[in-house]
Amino acid sequence: DVHHWVGSRIGMGNNRKSIDHSKRELMALCRIHHQELHQMGDVEFAAKYHVKPIRLKYEDLIRLGLMTYKQMEDIDNGS
């Protein structure tokens, strides 16, 4: 699972297909730990497991299927 870190969350009005994921902090987690994180909270989870989120480059976001070349062009063009 890809977790969008606190302050970088998607949902509640943010369209997953039209946002620039490169500006958001992400963390790759297995399903069990992703569920645990949501139950415990980001800060507590990070302290317990000594982890921190990262930002990914466009190339990595495309490879992981989080963004497409079209989305990058739309963001660059202000769409």
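Reader: Let's start with M72. Buried or exposed?

Author: M72 counts as buried, at 13% relative accessibility. Buried means under 20% relative accessible area, exposed over 50%, and partly exposed in between, with a 1.4 Å probe and protein chains only.

Reader: Before we go on, what kind of model is this?

Author: This is a predicted model: local features need pLDDT of at least 70, side-chain atom pairs count only at pLDDT 80 or more, and totals for chains, interfaces and linings use all residues. Residues are numbered from 1 along each chain as its sequence is written, and side-chain values use heavy atoms, leaving out hydrogens and water.

Reader: Back to M72. Where is it?

Author: In helix α4, residues 69–76. Helices (H or I, at least four residues) and strands (E, at least two) are DSSP runs, numbered from the N terminus.

Reader: What does M72 touch?

Author: Y58, I62 and M67, not counting residues up to four places away in sequence. Contact means heavy atoms within 4.5 Å.

Reader: How far is M72 from H21?

Author: They are 9.7 Å apart, C-alpha to C-alpha, and 51 residues apart in sequence.

Reader: Zoom out. What is the order of elements along the sequence?

Author: The pattern is β-β-α-α-α-α. That comes to four helices and two strands.

Reader: How much of the protein is buried?

Author: 33% of its 79 residues count as buried. The protein exposes about 5600 Å², and carbon and sulfur atoms supply 54% of that. Those areas come from the Shrake-Rupley method with a 1.4 Å probe; for residues, only the protein chains shown count as cover.

Reader: And what share of the contacts joins residues at least 24 apart?

Author: 57%, among contacts between residues at least 6 apart in sequence.

Reader: Now α1 and α2. At what angle do they pack?

Author: About 125 degrees, with the axes 7 Å apart. Helix α1 covers residues 31–40 and helix α2 residues 42–49. Axes are lines fitted to C-alpha atoms, for helices over the stretch in contact, and angles run from 0 to 180 degrees between N-to-C directions.

Reader: What do you call that orientation of α1 and α2?

Author: Oblique. Angles under 35 degrees count as roughly parallel, over 145 as roughly antiparallel, 65 to 115 as roughly perpendicular, and the rest as oblique.

Reader: Which residues meet there?

Author: H33, E36, L37 and M40 in α1 meet D42, E44, F45, K48 and Y49 in α2. By class, that contact has four nonpolar, one polar and four charged residues. Ala, Val, Leu, Ile, Met, Phe, Trp, Tyr, Cys and Pro count as nonpolar, Asp, Glu, Lys and Arg as charged, and the others, Gly among them, as polar.

Reader: Take L37. Buried or exposed?

Author: L37 is buried, with a relative accessible area of 0%. Leaving aside neighbours within four places in sequence, L37 is in contact with H3, W5, M27, L29, D42 and F45.

Reader: Switching to H50. What is its phi?

Author: Positive, about 55 degrees, although H50 is not a glycine. Most residues other than glycine have a negative phi.

Reader: Where does H50 sit?

Author: In the loop between α2 and α3 (58–63). H50 is exposed, at 71% relative accessible area.

Reader: Last one, R24. Which loop?

Author: The loop between β1 (2–4) and β2 (26–28). R24 counts as buried at 16% relative accessibility.
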